[in-house]
Amino acid sequence: MLLLAGVPCGLIAQEVRGVWLTTNAGLDWPDKNATVEECKKKLVDMLDRLEKAHFNLVLFQVQANGDVAWDSKIQPAMEQFTGNGARRLDYDVCRFVIDECHKRGMKCHAWVVPYRLGTEAAASKYRNNHVGHAIYRHRDMCVKYRGAYYFDPGLPSVRKYLVKLYKELLEKYDFDGINLDYTRYPGDDFPDGASFRRHNSHKLDKNDWRRDNINRFVAELYKAVKKIDRNIAVGSAPIGTYKNVKGYKNTTAYGSFQQDPGEWIASRHHDLVIPQMYWGEDFGFSTHLSTWVDVADGQSLIVGLAPYKMVEGKWTASDVIQLMNKAVKAKGVDGVCFFRAAHILGNDRHVKELYNYLVDNPPSPAVKKVSRKEKPIESVEKFLE
């Protein structure tokens, strides 16, 4: 059994080797104009190749820009699957993906993007959908920022809406986990002055207030998920640098985007974290990896890596392999996760070299956990009351 949620310290059964399977714009899957059978065949072929390379975790993107990969009463089905924003799904996409992952012994987590809603032009494709897009149905909860729309995290109504949406998903499907992406503010100049004035009863500094808004959502979601099934892992993929240390000036989760996964873990509202460490030692990979081990505090830590830089940048397979080996050898790290599937399975020569390495080098059978520091805190039972 893989360690993908909080368990007692000690040896775990197997090192995690995961991959993000992207549906936004069909980057990994599906092909927009393919038939249902063609879509299914492609997914099966991809999972077969991932299984051969010893992958045991798939983060399947079920939400992209206010549209989803299931038959929801709250957000419309992704045009990428339907071919037409007005249509319903032709088949049960989530059921198919989960079942195919489980057939191969892979865990399948629902990858969600809570706040991002995309452009009005993209949303307009759903004008005739029976569900409708949030930009039109819930304009009062949305903020326009740099040409795109986002839910305002400062609104209690947004938290309620999102928890309801993800409860709908997890009550319907047996996903092994839910993983939050872009669960942060999109920029310092995000125009949320109205909600700041209205919903800041504790008179917090704006950055602290923003972090508190995200923290509240994560806590409310965690409690709701554990009421459905305590075994569903709740995690996230935050910015790769939590807070900067001496000698580095990276963009950070905590300071740049008011994202505080350290608090989500400390408050016991997180089971795993997959920081997007999409850079090398020039930005302090090993140094920041040590920080994440401390932040994870014995919870499951999986390191996000960037094989896409072999195609979109100048990295080689050796660069990715070197970072992977540094990560999995570090005490307190449970494995790695690659962004994204096409950059594991594609035809680029560096991608092929990495794939062959993964085939020839399966994950280690056990990972040594670090001891978790015990802190006085309400129990999960208290949260579930």
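Reader: To begin with the helices, is the crossing of H11 and H13 right-handed or left-handed?

Author: The crossing of H11 and H13 is right-handed. Please bear in mind that this is a predicted model.

Reader: At roughly what angle do the axes of H11 and H13 cross?

Author: They cross at roughly 30°, and the axes come within 11 Å. Helix H11 covers residues 285-296 and helix H13 covers residues 317-329. Angles under 35 degrees count as roughly parallel, so H11 is roughly parallel to H13.

Reader: Which residues make that contact?

Author: From H11 there are Phe285, Ser286 and Leu289, and from H13 there are Leu323, Lys326 and Ala327. By class, the contact of H11 with H13 has four nonpolar residues, one polar and one charged.

Reader: Turning to H1 and H3, how do their axes lie?

Author: The axes of H1, residues 36-52, and H3, residues 93-103, come within 10 Å and cross at roughly 30°. H1 and H3 are therefore roughly parallel to each other. H1 passes H3 in a right-handed crossing.

Reader: And which residues of H1 and H3 meet there?

Author: Lys40, Leu43, Val44 and Leu47 in H1 meet Phe96, Val97, Glu100 and Cys101 in H3. The contact of H1 with H3 divides into six nonpolar and two charged residues, with no polar ones.

Reader: Stepping back, how many helices and strands does the protein have?

Author: The secondary structure comes to 16 helices and 13 strands. The radius of gyration is 20 Å, close to the 21 Å that the globule rule gives for 385 residues, so the protein is as compact as a globular protein of that length. Along its principal axes, the C-alpha trace spans about 55 × 55 × 40 Å.

Reader: What about confidence: what pLDDT does the protein average?

Author: The average is 94, and 94% of the residues score at least 70.

Reader: Which elements have the lowest and the highest mean pLDDT?

Author: Helix H16, residues 380-383, has the lowest mean pLDDT, 36, while strand E3, residues 57-61, has the highest, 99.

Reader: Where does the pLDDT fall below 50?

Author: One such stretch is residues 5-10, which has 11 contacts in the model beyond near neighbours in sequence. The pLDDT also stays under 50 over residues 376-385, for which the model has 17 contacts beyond four places in sequence.

Note on methods. Residues numbered from 1 in each chain as written. Predicted model: local features only at pLDDT ≥ 70, side-chain atom pairs only at ≥ 80, totals over all residues. Heavy atoms only, no water. Axes fitted to C-alpha atoms, helices over the stretch in contact; angles between N-to-C directions. Helix = DSSP H or I, 4+ residues; strand = E, 2+ residues; numbered from the N terminus. Parallel < 35°, antiparallel > 145°, perpendicular 65-115°, else oblique. Left-handed = near helix turned anticlockwise from the far one by under 90°. Contact = heavy atoms within 4.5 Å. Nonpolar A, V, L, I, M, F, W, Y, C, P; charged D, E, K, R; others polar. pLDDT = per-residue confidence, 0-100. Rg over C-alpha atoms; globule rule 2.2 N^0.38 Å.
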